[in-house]
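Student: Can you walk me through this model? Keep it quick.

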Amino acid sequence: MEFIKYKSTRGKESGVNASEAILKGLADDGGLFMPEKFPKFDFSLEDLKGKRYQEVAYEVMKLLLSDYTKEELTDCIEKAYDEKFDTEEIAPLVKAGGAYFLELFHGDTIAFKDMALSILPHLLTTAAKKNGIKNKIVILTATSGDTGKAAMSGFCDVEGTGIIVFYPKDGVSNVQRLQMVTQKGDNTDVVAIHGNFDDAQSGVKKIFSDKDFAKKLSENGIQLSSANSINIGRLVPQIAYYVYAYVKLLETGDIAAGEKINVCVPTGNFGNILAAYIGKQMGLPVDKLICASNENKVLFDFFEHGVYDRNRKFVLTSSPSMDILISSNLERLIYLSCGSDGEYVSKLMKDLSAGGKYEVTKAMKDFMKDFIAGFADEKKNFEGIKSLYDSTGYIIDTHTGVAFSVYEDYKNATKDMTKTVIASTASPYKFADSVLEAIFGQKQDMGDFEVIDKLHEIGAPEIPKAILEIKDAKIRHTRECDSADMQKEVEDILFNNRR
């Protein structure tokens with residue numbers, strides 16, 4: 001088996017072990033870590049038929065996390081994918097409406113972020129031991145709704161760690177907010193910022209790049225790491241569930257060995273769909289990667305025209321986890337598309353930072369031809385949710401609704417009948433009010449938990465524990481700040497121990 005090292009997308013750091021890359025989160029030059037090469041599957045997909053999710057995950061992850069021993073990686077996987085998931089399958093595949101929905105929301109926080117954030121704390125603490133790290137590791141992360149709760153849940157009371165989450169005060173659903181502000185744990189903190197997700201994400205990146213602050217933290221026995229999808233420890237576990245979905249299709253006989261599938265992903269920060277793309281580079285038979293955006297369609301415009309331009313109105317939608325104008329993980333695809341030219345990537349990222357836009361070359365655009373982009377506005381999203389419910393009784397959330405609507409448009413336009421896996425990224429219960437509005441055609445005059453009961457009444461599966469737990473939970477986190485004051489908040493939490 002090849003030993004895979006990592007390098008920065010901005011060219012100034014290379015030869016980094018997987019465990020070191022996971023510990024750092026972000027490279028010293030501000031770039032994102034990428035494998036120096038993509039290893040090929042050393043197993044047959046057919047041989048994985050009948051295997052547990054955990055076994056499939058090991059076969060995939062061992063190829064990219066090659067400085068972890070078999071015992072270390074197996075231990076991380078078994079601790080991550082355990083009874084905290086409400087199904088033994090971990091990620092069931094459900095056929096409905098002419099597509100296959102990969103349900104990635106059966107974890108602790110009922111969103112797909114659980115799939116990676118359940119294992120990241122174990123990968124991180126194992127990495128710290130492997131690299132002789134004595135510092136306290138503080139996870140600093142921005143969330144558009146789901147990452148925050150999933151990360152806090154994963155790192156809650158994990159020895160030697162702390163976690164600080166920033167979220168846009170008016171940019172998450174009430175269920176998402178309640179899940180975060182009621183989070184237990186002596187090492188968890190969450191702060192609402194006056195701004196949008198991009199403000200939160202930019203603020204976090206700024207803190208990471210402040211060398212003087214890093215020195216001050218180090219002098220106090222603290223180092224920062226990230227739980228955002230910029231961390232390669234988030235990205236690698238996501239590849240596993242696309243492989244698992246393919247194996248499930250083989251098991252049921254829906255596809256033949258080697259038959260290509262399409263993958264459709266509701267996309268904000270670009271990490272989830274990038275994981276499918278990396279799976280393809282490693283040997284997963286994938287044809288098209290359908291990138292589904294909501295009204296904040298910066299990615300749709302990019303794939304259409306080759307220009308990434310964040311200078312546009314920011315729209316708050318019913319799919320808040322996709323309300324993003326700076327898709328951080330796109331940098332990784334840009335890096336691959338320009339022949340791994342770190343200097344060129346640095347230039348484009350400087351253009352984005354200074355003027356809010358950049359343009360790729362024709363050759364780079366051609367390199368990305370595997371990606372098909374589409375978008376769904378609120379009306380189309382709600383129509384998709386309703387049509388699927390009316391025809392099948394299957395209920396999807398507002399992010400999955402975007403993906404289903406875009407897939408329907410793609411299928412109608414191209415007549416491409418390739419079997420397609422849609423990443424179903426959140427439980428409908430997480431966005432119950434919007435889902436009911438879509439199904440009934442108007443907003444329901446009910447409280448947060450009344451709409452949840454109503455959703456169950458019309459056919460949604462059992463109400464998840466994650467929802468029941470927040471019903472009467474105590475509010476524990478009340479911090480808020482302007483986006484310009486995020487570093488001050490971090491200092492107050494870490495040095496003054498004030499909540």
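Tutor: What follows covers the fold, the surface and the cores.
Tutor: This is a predicted model: local features need pLDDT of at least 70, side-chain atom pairs count only at pLDDT 80 or more, and totals for chains, interfaces and linings use all residues. Residues are numbered from 1 along each chain as its sequence is written, and side-chain values use heavy atoms, without hydrogens and water.

Student: How many helices and strands?
Tutor: The protein has 21 helices and 15 strands. These are DSSP runs, H or I of at least four residues for helices and E of at least two for strands, numbered from the N terminus.

Student: And what is the radius of gyration?
Tutor: The radius of gyration is 21 Å, close to the 23 Å that the globule rule gives for 499 residues, so the protein is as compact as a globular protein of that length. The radius is taken over C-alpha atoms, and the rule is 2.2 Å times the number of residues to the power 0.38.

Student: What does the C-alpha trace span?
Tutor: About 60 × 50 × 45 Å along the principal axes.

Student: Switching topic. What share of residues is buried?
Tutor: Of the 499 residues, 61% are buried, meaning under 20% relative accessible area with a 1.4 Å probe, protein chains only.

Student: Which residues touch the most others in the largest nonpolar core?
Tutor: Tyr6 and Phe303, in a core of 116 residues. Helix 10 (residues 232-252) gives the largest share, 14 residues. A nonpolar core joins buried Ala, Val, Leu, Ile, Met, Phe, Trp, Tyr and Cys residues through side-chain atoms within 4.5 Å.

Student: What's in the second core?
Tutor: That separate core has 41 residues, including Leu178, Phe404, Tyr407 and Tyr429.

Technical notes
Buried means under 20% relative accessible area, exposed over 50%, partly exposed in between (1.4 Å probe, protein chains only).
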